[in-house]
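Subject: A structure for you to look at

Hello,

I am passing on a structure that I have been looking through, and I hope you enjoy it. Please open it first, and then read my notes below.

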Amino acid sequence: MSERAIHEVEPKIIDRLALLSRQHQRTIEEEHKAILCDALLNKSSSESNPAFDAILETIPNVGNDSDVALIRGTSAATAFSRSRQRSLKTEGD
């Protein structure tokens, strides 16, 4: 394997790397390698991101896909207005 040195890294990056290495019980070099592998090769060397999974779980499963359908050539406000109008018509029936 080849070796590379990274110069002039911000102290907050080094601090975060050191924190992650302690949390994962790895050396800083091992943590650095793991981050590079995850980012560049999509090889997960650590567990999935539970924070992201938790955020996804908070999104309610409501509405219809048509509520957020893309209407080409219109602004977001116009698309929302049209969607809202369709929704109101459906509620009034």
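The chain has 4 helices and 0 strands, where helices (H or I, at least four residues) and strands (E, at least two) are DSSP runs numbered from the N terminus. Read from the N terminus on, its elements go α-α-α-α.

Two notes on how to read this: residues are numbered from 1 along each chain as its sequence is written. This is a predicted model, in which local features need pLDDT of at least 70 and side-chain atom pairs count only at pLDDT 80 or more, while totals for chains, interfaces and linings use all residues, and side-chain values use heavy atoms, with hydrogens and water left out.

How much of the chain is buried? Of its 93 residues, 9% are buried; buried means under 20% relative accessible area, exposed over 50%, and partly exposed in between (1.4 Å probe, protein chains only). The chain exposes about 8600 Å², and carbon and sulfur atoms supply 55% of that area. Accessible areas come from the Shrake-Rupley method with a 1.4 Å probe, and for residues only the protein chains shown count as cover.

Next, the salt bridges. The count comes to 3, taking a salt bridge as a side-chain nitrogen of Lys or Arg within 4 Å of a carboxyl oxygen of Asp or Glu. Side chains of opposite charge can pair when their charged atoms come close.

- E10 and K12 are joined by a salt bridge of 3.8 Å, N to O. E10 is partly exposed at 46% relative accessible area, and K12 is exposed at 58%.
- K33 and E29 form another, with their closest N and O atoms 3.6 Å apart. The two lie 4 residues apart in helix 2 (residues 28-41), so about one helical turn separates them. K33 is partly exposed at 44%, whereas E29 is exposed at 53%.
- E31 and R26 meet in a salt bridge of 2.8 Å, N to O.

Where is E31 placed, and is it buried or exposed? E31 sits in helix 2 and is buried, with a relative accessibility of 2%. Apart from neighbours within four places in sequence, E31 is in contact (heavy atoms within 4.5 Å) with L17, L20, S21, H24 and R26.

E8 is not a glycine, yet it has a positive phi of about 55 degrees. E8 belongs to the segment before helix 1 (11-23) and is exposed at 84% relative accessibility. Q25, also not a glycine, has a positive phi of about 55 degrees. Q25 is in the loop between helix 1 and helix 2, and it is exposed at 75%.

Last, the largest pocket, which holds about 470 Å³ of space. Its lining is made up of M1, S2, E3, R4, I6, I28, E29, H32, K33, L36 and C37. By class, that lining has 5 nonpolar, 2 polar and 4 charged residues; Ala, Val, Leu, Ile, Met, Phe, Trp, Tyr, Cys and Pro count as nonpolar, Asp, Glu, Lys and Arg as charged, and the others, Gly among them, as polar. On a 1 Å grid over the protein atoms alone, where a 1.4 Å probe fits, a pocket is an open set of points with protein on both sides within 12 Å along at least five of seven lines, and lining residues have an atom within 4 Å of a point. Grid points are joined across faces, edges and corners, and the volume is the space filled by probe spheres set on them.

Best wishes
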